[in-house]
Amino acid sequence: MISDVLRQLKKDFLVEFRSRAAVNTALAFAGIITLSISLAAGGTPFSTLVQAVFLWIILFFSAMNGLLHIFTREEEEQTSLFLSLNVPAEAVYLAKLVFNIAFFLVIEMVTCPLFIFFLQVTVKDIILFVMTVLSGGLALASAVTMLAAMTARAGGKGSLFTVISFPVVLPVIWVSIGATVESLQGSSGDAWNSVVFLLAFSGAVTAISFLLFRYVWYDE
C-alpha cells in the first residue's frame, strides 16, 4: 500500500505542478480578499476576534475549490475508473489526503504572512498561533477529503462542495477561531486544549474516512 500511495502522490504533485491552476486560484483569491479587507478598513484596527474570524474565513473559502479539485480532476480526465481497477481504495484515499494537507499548508504559508502584514495583526504568542493554524488546517483538510470524494463521484461542483462542507467543518472553524484569538491576545488559557481537540478531530475523521472510503469510491 505504501508504494501505491507514493505513486499516487508523485502523480498528483506532478500534474498539479504542471498546471498549478488550483494553487494559483486559491492564492489569488486569498490575496485579493485580504487586500480588499485592508483597503476597506482604511487602517482602522480590528479587534482580535474579528481578525481571527477574517483569517479562518479567508483560509476556508480560499482552499475549498482546490481541496475538491484533486477528485474532480480524476472524474474530468476519466482516470477514476483506472484508479478503481488498479489501486486499492485505501491507497487512493491516503494519497489524496496527504495531497490536500500539503495543499492547505501551502495556502496557509502564503495567506498568514499577507494577512498579518496587510491587516496589521500583532501575534503575541507565535508558537500557539502557528500550532493553531497547522492543527486547524489539518482538521479542515481531513474533514473535507471524504466530502470531496463524495461530491466528485456525484458530479457536483465547487459551490455544492462548499455548502455541504461548511456544517461539517463549523466546529473546527469555531475552535480554531477561539484558539487564534488567544494567540493574538497572548493569553493561552485553554487554547492548547483546543489544539489537542483539533488534532484528535483529525485523527478520528481520518480513521472513519479510511474505513468508509471504499464504499464511496466503488459506488457500493
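## Packing of α5 against α8

In this predicted model, α5 and helix α8 (residues 191-217) pack at an angle of about 125°, and their axes lie 9 Å apart. Axes here are lines fitted to C-alpha atoms, for helices over the stretch in contact, with angles running from 0 to 180 degrees between N-to-C directions. Helices are DSSP runs of H or I with at least four residues, numbered from the N terminus. The pair α5 and α8 is therefore oblique; angles under 35 degrees count as roughly parallel, over 145 as roughly antiparallel, 65 to 115 as roughly perpendicular and the rest as oblique.

α5 passes α8 in a right-handed crossing, meaning that the near helix is turned clockwise from the far one by less than a right angle. On the α5 side the contact is made by A89, E90, V92, Y93, L94 and L97, and on the α8 side by V205, T206, S209, F210, F213, R214 and W217. Contact means heavy atoms within 4.5 Å.

E90 is found in helix α5 and counts as buried at 14% relative accessibility. The class limits are under 20% relative accessible area for buried, over 50% for exposed and in between for partly exposed, with a 1.4 Å probe and protein chains only. Not counting residues up to four places away in sequence, E90 touches M1, F210 and R214.

## Packing of α1 against α5

The axes of α1 and α5 come within 8 Å and cross at roughly 45°, which makes α1 oblique to α5. The crossing of α1 past α5 is right-handed. From α1, the residues D4, V5, Q8, L9, K11, D12, F13 and E16 meet A91, L94, A95, K96, V98, F99 and A102 of α5.

Q8 has its place in helix α1 and is buried, with a relative accessible area of 9%. With neighbours within four places in sequence left aside, Q8 is in contact with L83, V87 and A95.

## Helix α2

Helix α2 (residues 21-41) has 21 residues and reaches 30 Å from its first C-alpha to its last, close to the 30 Å expected at 1.5 Å a residue. The expected span is 1.5 Å times one less than the number of residues. Its buried residues are A22, V23, A26, A30, T34, I37, S38 and A41. Seen down the axis of α2, these buried residues fall within an arc of 125°, so they line one face of the helix; the arc is that of the directions from the helix axis to the C-beta atoms.

The buried residues of α2 pack against α1 (2-19), α3 (48-76) and α5 (89-118). On the other side of α2, I32, L39 and A40 are exposed. G42 follows α2 and has a positive phi, near 65°.

## Q51 in α3

Q51 lies in helix α3 and counts as buried at 6% relative accessibility. Residues up to four places away in sequence not counted, Q51 touches F46, F115, L119, Q120, V121 and L184. Q51 and F115 are 64 residues apart along the chain, and their C-alpha atoms are separated by 9.0 Å.

## Basis of the values

Residues are numbered from 1 along each chain as its sequence is written, and side-chain values use heavy atoms, with hydrogens and water left out. For this predicted model, local features need pLDDT of at least 70 and side-chain atom pairs count only at pLDDT 80 or more, while totals for chains, interfaces and linings use all residues.

Technical notes: Helix = DSSP H or I, 4+ residues; strand = E, 2+ residues; numbered from the N terminus.
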